[in-house]
There are 2 protein chains.
Amino acid sequence: MNAEILAVGSELLLGQILNTNAQYLSKQLAELGIDVYVHTVVGDNEKRLTESLELAANRADLVILTGGLGPTKDDLTKETAATFCGRSLVHDEDALHSIESYFEKRNRQMTPNNRKQALVIEGSTVLKNHTGMAPGMYVESEKCKLVLMPGPPRELQPMFELELKPLLLDGSGTAITSRVLRYFGIGESQLETDLEDLIDAQTNPTIAPLAGNGEVKLRLTVKHSDEAEAERLLDETEAAIQKRVGEFFYGYGEIGLMEQLSIQLKEAKLTLSAAESFTGGLFTSGLTSYKGASSIFVGGISAYSSDVKEDILQVSNETIKQSGVVSESCANEMASSVQKMFKSNIGVSFTGVAGPDPQEGKEPGTVFIGISGPDSNVTVHPLQLSGSRQAIRERAVKYCCFYLLNELKRWHATT
Amino acid sequence: MNAEILAVGSELLLGQILNTNAQYLSKQLAELGIDVYVHTVVGDNEKRLTESLELAANRADLVILTGGLGPTKDDLTKETAATFCGRSLVHDEDALHSIESYFEKRNRQMTPNNRKQALVIEGSTVLKNHTGMAPGMYVESEKCKLVLMPGPPRELQPMFELELKPLLLDGSGTAITSRVLRYFGIGESQLETDLEDLIDAQTNPTIAPLAGNGEVKLRLTVKHSDEAEAERLLDETEAAIQKRVGEFFYGYGEIGLMEQLSIQLKEAKLTLSAAESFTGGLFTSGLTSYKGASSIFVGGISAYSSDVKEDILQVSNETIKQSGVVSESCANEMASSVQKMFKSNIGVSFTGVAGPDPQEGKEPGTVFIGISGPDSNVTVHPLQLSGSRQAIRERAVKYCCFYLLNELKRWHATT
């Protein structure tokens with residue numbers, strides 16, 4: 001089967017919004033083994049939409065239309081698609097009901113044009129909108145299979161996942177299950193090289209590396225007719241992968257390094273404080289972005305100037321004179337000191353050169369991360385990072401999360 | 001004139017990358033008064049690319065092709081477009097020279113397939129690539145005006161700005177000048193309502209509101225044949241706008257609130273320290289993201305728990321007992337205390353409820369921002385914000401920057 005994605009909306013042609021739906025749907029369809037040959041965007045214009053529909057239906061088995069299902073007079077996707085299929089529009093009672101309750105819940109008056117949103121193409125399978133009002137549709141017409149979905153990604157994505165995907169898989173007897181493995185401290189190309197033969201040989205599950213935000217993910221995707229069999233296949237493939245790159249693994253699914261750390265600290269019932277120099281609060285602001293942060297985070301010092309390191313964090317003048325503030329011994333004292341000052345189980349410290357200029361004769365990217373554990377023993381991790389000022393700061397914070405996750409495992413094992 | 005944008009690249013159809021070029025070009029063309037009717041994406045496939053070219057050339061005056069100009073065998077945009085126009089490919093000496101020097105500068109060996117990148121369509125105007133190797137082309141063929149540009153946005157955008165835009169404007173005798181005004185503390189719809197008659201009546205300059213990241217921008221765009229006249233027209237329109245919404249204005253161009261604050265503090269030669277509760281270091285990590293932060297930022301305390309506020313920041317026990325930590329008096333004491341502790345010219349404090357749960361019976365979004373000025377007088381700004389936990393934290397930080405920018409003006413005026 002092959003598909004085309006046809007987005008409708010003048011705001012796309014004016015460059016006011018990005019067509020993220022085309023990317024999302026393309027990724028999803030690729031996972032289902034459906035080839036996408038063309039993306040098109042047209043405005044809210046009946047003539048041009050009809051022409052594009054005609055072209056797409058001639059070329060593809062499946063045409064997915066996105067956008068133009070709203071209540072205003074600009075929204076003409078449904079009307080145009082119905083005419084194209086030679087069908088009429090009928091009121092869908094379920095859709096009307098959910099639109100009415102949408103307004104009731106929000107104590108707002110439903111305007112008459114909102115009734116228009118409950119109109120669907122005659123004979124279509126209605127795709128429920130779990131996060132908005134306009135229902136989607138799946139129509140098997142003579143010309144092609146036609147899908148209509150709303151434009152806002154927060155409505156389209158759950159509709160695809162919960163309504164359209166099962167429909168597209170239906171009858172094939174196959175389902176799809178994915179597992180995402182997350183890694184840090186290894187580049188995408190290194191990971192790919194280490195697993196090259198596995199990636200090439202593996203067909204079910206498939207193994208797809210994905211990079212982003214300085215982390216690498218592997219998505220294992222298995223087609224199956226039985227959930228238990230799927231899990232067995234995923235376990236087997238994961239075991240083969242971890243044997244080679246397990247030391248860089250830190251978690252599953254859509255939970256990034258910082259959130260994983262926040263979860264693990266909560267589970268371990270440990271509190272943390274941090275002394276940050278060149279990261280200036282980047283670590284603590286990340287950690288406090290998750291709800292319930294008060295159970296794990298006590299507080300921190302952003303020690304930007306040397307005076308602050310000496311006066312407030314009590315780093316010894318000798319250390320600063322002999323080794324400088326960008327040094328292993330300074331990171332060590334900072335971690336100990338902040339832990340004592342804030343009476344937390346763990347003390348963390350960052351000192352380094354973010355750049356662009358060198359400091360104390362040390363190049364940008366020179367970084368020391370200190371971790372003082374519940375037993376007050378301090379470990380300092382030296383790093384040499386590269387990239388822009390912001391990239392160095394962000395990577396240092398990620399490394400700290402990764403080190404802490406490893407330490408948490410170790411502490412857990414020894415208690 | 002009307003245009004179509006035709007992107008070439010299988011990675012777009014697989015959903016691996018987003019078609020940001022279509023958005024960028026649409027915005028730019030809209031500013032030039034060129035209507036865009038269709039966006040299309042096709043893969044690296046000669047047959048489908050030729051068909052799409054045929055369709056686009058039939059419908060539009062100008063067809064802009066993006067992507068597929070690289071050195072590998074996948075890249076076939078140039079060859080296909082040349083065949084479509086009935087022209088051959090010839091070596092462009094300038095392009096070849098700049099490719100060679102690109103490799104020389106990087107001390108890398110130029111591979112033979114890179115010579116392919118210097119091939120251009122016969123009779124085309126070459127568009128210089130200022131940030132990469134593959135040159136662009138502008139061809140006036142019998143079928144339509146055709147433009148070819150490289151896919152990477154960092155190559156395409158300067159090429160549009162420096163090479164294609166002047167070409168598209170050429171002969172018309174007009175140039176385009178823009179001015180961006182930045183506002184905070186007023187919503188996009190309110191700004192639009194306040195300026196509605198101006199926006200509707202104004203044709204040169206045009207006034208376009210743009211929202212993003214909780215800030216609103218107004219872009220004034222003037223078509224002109226004389227730079228001095230353009231400045232006069234922009235000044236006139238800006239004056240009419242500022243008369244109505246000037247109290248929310250904070251700066252020009254692409255410099256956001258935080259960077260503006262960092263620039264203004266440097267100019268005023270003032271240092272700052274911060275005590276952050278629910279923002280947990282978000283303000284200080286933002287301020288230290290710009291180079292040279294050490295000249296304005298001394299340090300800060302992330303005071304997440306009440307104990308830290310009392311023990312380290314010396315907020316009086318009486319204040320905490322009587323008003324709670326989310327209070328005007330606590331914000332006041334925090335700002336004073338951090339200023340003294342870090343010996344900075346300015347002390348800033350944040351206390352509030354980020355949510356999702358209430359705290360001390362106060363709803364999420366209840367926020368107090370304290371500013372202790374160079375004269376040690378403290379002003380506390382109470383706020384009631386809405387949105388997610390992260391939105392509340394980010395908005396509070398932006399408000400603080402806006403208040404500080406206003407205070408800086410006031411301090412400057414009184415000294």
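Two strands are taken to pair if DSSP finds at least two bridges between them. Helices (H or I, at least four residues) and strands (E, at least two) are DSSP runs, numbered from the N terminus.

## Basis of the model

This is a predicted model, in which local features need pLDDT of at least 70 and side-chain atom pairs count only at pLDDT 80 or more, while totals for chains, interfaces and linings use all residues. Residues are numbered from 1 along each chain as its sequence is written, chains are lettered from A and ligands numbered from 1 in the order in which they are written, and side-chain values use heavy atoms, with hydrogens and water left out.

## Strand β8 of chain B and its partners

In chain B, four bridges join strand β7 (residues 136-140) to β8(B), and the two run antiparallel. They form a hairpin with four residues between them, and B:M137 stands opposite B:L148 in β8(B). Strand β3 (residues 62-66) of chain B also pairs with β8(B), here in the parallel sense over five bridges; B:L62 faces B:K145 in this pairing.

Buried means under 20% relative accessible area, exposed over 50%, and partly exposed in between (1.4 Å probe, protein chains only). Strand β8 (residues 145-149) of chain B is largely enclosed by the rest of the structure, because four of its five residues are buried.

## A sheet across both chains

An open sheet of 10 strands has the order β17(A)-β16(A)-β15(A)-β13(A)-β14(A)-β14(B)-β13(B)-β15(B)-β16(B)-β17(B), with mixed pairing. Within chain A, β13 (residues 272-276) and β15 (residues 346-352) pair in the parallel sense over five bridges, and A:L272 stands opposite A:I346.

Helix α14 (residues 328-342) of chain A packs on the sheet, touching β13, β14 (297-303), β15, β16 (366-372) and β17 of chain A together with β14 (297-303) of chain B. Contact here means heavy atoms within 4.5 Å.

## Helix α4 of chain A and the cysteines

Seven of the nine residues of helix α4 (residues 77-85) of chain A are buried, including A:F84 and A:C85. The helix is followed by A:G86, whose phi is positive, near 70°.

The structure holds zero disulfides over all chains, a disulfide being a pair of cysteine sulfur atoms within 2.5 Å. A:C85, buried at a relative accessible area of 16%, has its closest cysteine sulfur in A:C144 at 6.9 Å, too far for a bond. B:C330 is buried at 0% relative accessibility, and its sulfur lies 15 Å from the closest cysteine sulfur, in B:C400, which is also too far for a bond.

Key: Axes are lines fitted to C-alpha atoms, for helices over the stretch in contact, and angles run from 0 to 180 degrees between N-to-C directions.
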